[in-house]
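This report describes the fold, the surface and a selection of residues of one protein chain. The sequence and structure are shown first, and the description follows.

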Amino acid sequence: GILNQAIEAAIAQGKGWKDGEKEAYMARICDDDNIPALFATSQEDLEKSGLADAFSSLVYEGESPTSLMLSFKKKGNDSFVCGTKNKAKNVQYYRDAINRYYEAIAWAKKIIAFDSPDDFPPESERKTDDPLYTKNQLNEVISSLYANAAMA
């Protein structure tokens with residue numbers, strides 16, 4: 001019937017389990033250490049469930065970790081500037097800045113960094129226009145984000 005046609009159409013479009021995915025999923029959910037996200041009691045449990053990454057990928061679909069890091073850094077800087085100009089001394093601007101800086105740090109930690117610029121892929125092979133970082137450069141960016149958060 002209609003259900004079988006819908007399933008066949010989905011499979012023809014490449015949807016469904018890839019080789020080994022179903023087995024890996026079943027092994028994970030049958031693992032005694034697996035805690036469903038609904039019952040997670042800590043950030044660590046939530047991260048193990050994979051749900052946090054799933055939500056992030058939905059919210060930021062199509063964005064690279066580098067562009068998200070740069071975006072949150074800019075938002076943190078903007079919030080900090082608004083806080084310094086605010087006559088009522090509203091600390092919410094600073095709280096927002098701190099949160100944005102820490103969000104930028106989280107995305108920075110997902111960026112693939114290289115040992116040296118010699119290891120950068122050729123421009124013809126790059127998928128985005130995002131800047132590339134060596135490990136040292138990325139560590140400097142992360143350090144500056146921590147410093148900005150501390151200053152806010």
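A residue counts as buried under 20% relative accessible area, as exposed over 50% and as partly exposed in between, with a 1.4 Å probe and protein chains only. By this scale D32, with a relative accessible area of 77%, is exposed.

The model is predicted; local features require a pLDDT of at least 70, side-chain atom pairs count only at pLDDT 80 or more, and totals for chains, interfaces and linings use all residues. Residues are numbered from 1 along each chain as its sequence is written, and side-chain values use heavy atoms, with hydrogens and water left out.

**Confidence**

The pLDDT is the predictor's confidence in each residue, from 0 to 100. Its average over the chain is 87, and 100% of the residues score at least 70. Among the elements, helix α7 (residues 135-151) has the highest mean pLDDT, 95, while helix α4 (residues 51-59) has the lowest, 74.

**Overall architecture**

Secondary structure is assigned from DSSP runs numbered from the N terminus: helices are H or I runs of at least four residues, and strands are E runs of at least two. The chain holds seven helices and zero strands, and its pattern along the sequence reads α-α-α-α-α-α-α. The chain is more spread out than a compact globule, because its radius of gyration is 21 Å, well over the 15 Å that the globule rule gives for 152 residues. This radius is taken over C-alpha atoms, and the rule is 2.2 Å times the number of residues to the power 0.38. Along the principal axes, the C-alpha trace spans about 65 × 45 × 35 Å.

A contact means heavy atoms within 4.5 Å. Of the contacts between residues at least 6 apart in sequence, 54% join residues at least 24 apart.

**Surface and charge**

Of the 152 residues, 20% count as buried. The accessible surface of the chain is about 11,300 Å², and carbon and sulfur atoms account for 54% of this area. Such areas come from the Shrake-Rupley method with a 1.4 Å probe; for residues, only the protein chains shown count as cover.

There are 18 positive and 24 negative side chains, and the centres of the two sets lie 11 Å apart. Lys and Arg count as positive and Asp and Glu as negative, whereas His and the chain ends are not counted. Each charge is placed at NZ of Lys, CZ of Arg, CG of Asp or CD of Glu.

**Selected residues**

Q5 lies in helix α1 (residues 2-12) and is exposed, at 55% relative accessible area. A24 belongs to helix α2 (residues 21-30); its relative accessibility of 48% makes A24 partly exposed. D32 sits in the loop between α2 and α3 (43-49). A52 is part of helix α4 and is partly exposed, with a relative accessible area of 23%.

The table sets out the separations between C-alpha atoms for pairs that include these residues.

| Pair | Separation in sequence | C-alpha distance |
|---|---|---|
| Q5 and S64 | 59 residues | 36 Å |
| A24 and V81 | 57 residues | 48 Å |
| D32 and K89 | 57 residues | 51 Å |
| A52 and A37 | 15 residues | 8.8 Å |

Is S79 buried or exposed? S79 is buried, at 11% relative accessibility. This residue lies in helix α5 (residues 65-85). Neighbours within four places in sequence aside, S79 is in contact with Y93, D96 and A97.
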